[in-house]
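Subject: Structure for you to look through

Hello,

Here is the structure I promised to pass on. Please open it and keep it beside you as you read.

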Amino acid sequence: MPRVARISIAPVRGLGLEHPAEVDLTEVGVLEDRRFYLIDDQGRHIDQLVSGALVQVKAHTDPDGTRLRMTFPDGTVIEDAVELGEAIETTIVNRIAVGHVVLGPWGDALEPFAGRRIRIVRCDRPGGTRVENAVSLITDGSLCELASRVGQPSVDGRRFRMLFELEGAEVHEEDSWLGGQIAVGETVLSITKPDARCAITTQDPDTGARDIDTLRTIIGYRGLREGRKVDFGVLGEVATPGRVHVGDAVSVVVPGDDTFKARRMRLRAATEAQAAGTEADELEATAKA
């Protein structure tokens with residue numbers, strides 16, 4: 001039976017992850033998760049895709065987002081009450097974040113890691129820009145499969161920045177929960193859709209440097225959903241709020257929808273057929289040469 005191996009939240013979107021031993025899940029997810037985000041002087045959203053080194057800075061906040069602490073690689077800690085300035089709206093991944101600029105020293109301290117002037121914004125509501133799919137999870141079975149595909153002994157799940165990492169699961173077992181519900185700790189989660197990944201997953205979770213071509217590898221054996229989406233892990237909604245601890249067991253409450261499974265099997269079959277066709281073409285070209 002799978003269990004929760006690690007919990008990860010990002011109090012400031014784009015900075016390093018925090019790993020609490022337990023979290024309270026509300027209808028909008030973990031209140032502290034992604035409560036703050038970063039912008040430049042022109043109001044553009046800044047994250048690891050812009051500057052991977054930001055992941056080297058860790059952050060912590062309370063559920064109400066009234067205090068903020070940042071810990072830097074050299075051990076420097078900046079902590080204070082959150083004082084809000086001007087209201088601002090920011091486009092983040094095709095969504096609009098509504099918040100207020102945070103006054104104080106944190107932006108100046110982040111400048112060496114971002115390579116530009118930085119301001120911090122607190123979202124006006126918990127959950128940040130999310131209006132759905134407040135939960136994300138991935139299994140060790142999937143991570144082990146990816147590791148074997150890239151020729152590494154292991155792949156650190158932190159590069160995927162998922163809320164829950166589960167251990168004791170089969171390869172891509174989380175896909176089988178799509179369209180169903182699972183119980184985790186005190187909560188029940190509705191697993192709604194695959195998680196489409198971006199280039200942040202190619203970065204080392206400690207340094208932010210690109211080191212593994214995760215996207216090309218995943219496409220190579222899982223294909224592209226809708227011709228453009230690179231799926232790895234799943235997203236979900238909180239059907240029953242409650243507390244989740246590291247070590248909590250995961251059980252199926254409502255089995256997954258077979259249509260999701262059939263769709264994935266068709267996609268994988270098409271990907272394997274395409275790969276086989278490419279290999280046959282290469283062999284024929286070699287033989288003619």
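Below is what was found in it, part by part.

Keep in mind that this is a predicted model.

Start with β5, β6 and β7. These 3 strands form an open sheet, in the order β5-β6-β7. Their pairing is antiparallel. In general, strands of a sheet pair through backbone hydrogen bonds. The edges are β5 (58-61) and β7 (77-81), each of which pairs on one side only. From one strand to the next, the twist averages 10 degrees.

Now look at one pair. β5 is joined to β6 (residues 67-71) by 4 bridges. Find His-60: its bridge partner in β6 is Arg-69. A helix packs on this sheet too: α1 (residues 106-114) touches β6 and β7. The direction of α1 makes about 150 degrees with that of β7.

**The hairpin**

Move on to β8 (residues 83-92) and β9 (residues 95-103). They pair in the antiparallel sense, over 8 bridges. Ile-88 stands opposite Gly-99 in β9. The hairpin has 2 residues between the strands. Check Val-93 there: it takes a positive phi near 50 degrees.

Which way do α2 and α3 lie to each other? Helix α2 covers residues 140-150, and helix α3 covers residues 214-222. They pack at an angle of about 100 degrees, with their axes 10 Å apart. An angle from 65 to 115 degrees counts as roughly perpendicular, so that is how α2 and α3 lie. On the α2 side, the contact is made by Glu-145, Leu-146, Arg-149 and Val-150. On the α3 side, Thr-214, Thr-217, Ile-218 and Tyr-221 make it. By class, that contact has 4 nonpolar, 2 polar and 2 charged residues.

**The cores**

Nonpolar side chains tend to be buried together in soluble globular proteins. Here, the largest nonpolar core has 22 residues. Among those with the most contacts inside it are Leu-25, Leu-137, Phe-164 and Ile-191. Several strands each supply at least two residues of this core, including β1 (3-7), β11 (135-139), β14 (187-196) and β15 (231-240).

Take Leu-137 as an example. Leaving aside neighbours within four places in sequence, Leu-137 is in contact with residues that include Met-162, Phe-164, Trp-177, Ile-182 and Val-234.

There is also a second, separate core of 20 residues. Leu-54, Val-57, Met-70 and Phe-113 are included in that second core.

Best wishes

Terms used:
Residues are numbered from 1 along each chain as its sequence is written. This is a predicted model: local features need pLDDT of at least 70, side-chain atom pairs count only at pLDDT 80 or more; totals for chains, interfaces and linings use all residues. Side-chain values use heavy atoms; hydrogens and water are left out. Axes are lines fitted to C-alpha atoms, for helices over the stretch in contact, and angles run from 0 to 180 degrees between N-to-C directions. Angles under 35 degrees count as roughly parallel, over 145 as roughly antiparallel, 65 to 115 as roughly perpendicular and the rest as oblique. Contact means heavy atoms within 4.5 Å. Ala, Val, Leu, Ile, Met, Phe, Trp, Tyr, Cys and Pro count as nonpolar, Asp, Glu, Lys and Arg as charged, and the others, Gly among them, as polar. Two strands pair if DSSP finds at least two bridges between them. A nonpolar core is a set of buried Ala, Val, Leu, Ile, Met, Phe, Trp, Tyr and Cys residues joined through side-chain atoms within 4.5 Å. Buried means under 20% relative accessible area, exposed over 50%, partly exposed in between (1.4 Å probe, protein chains only).
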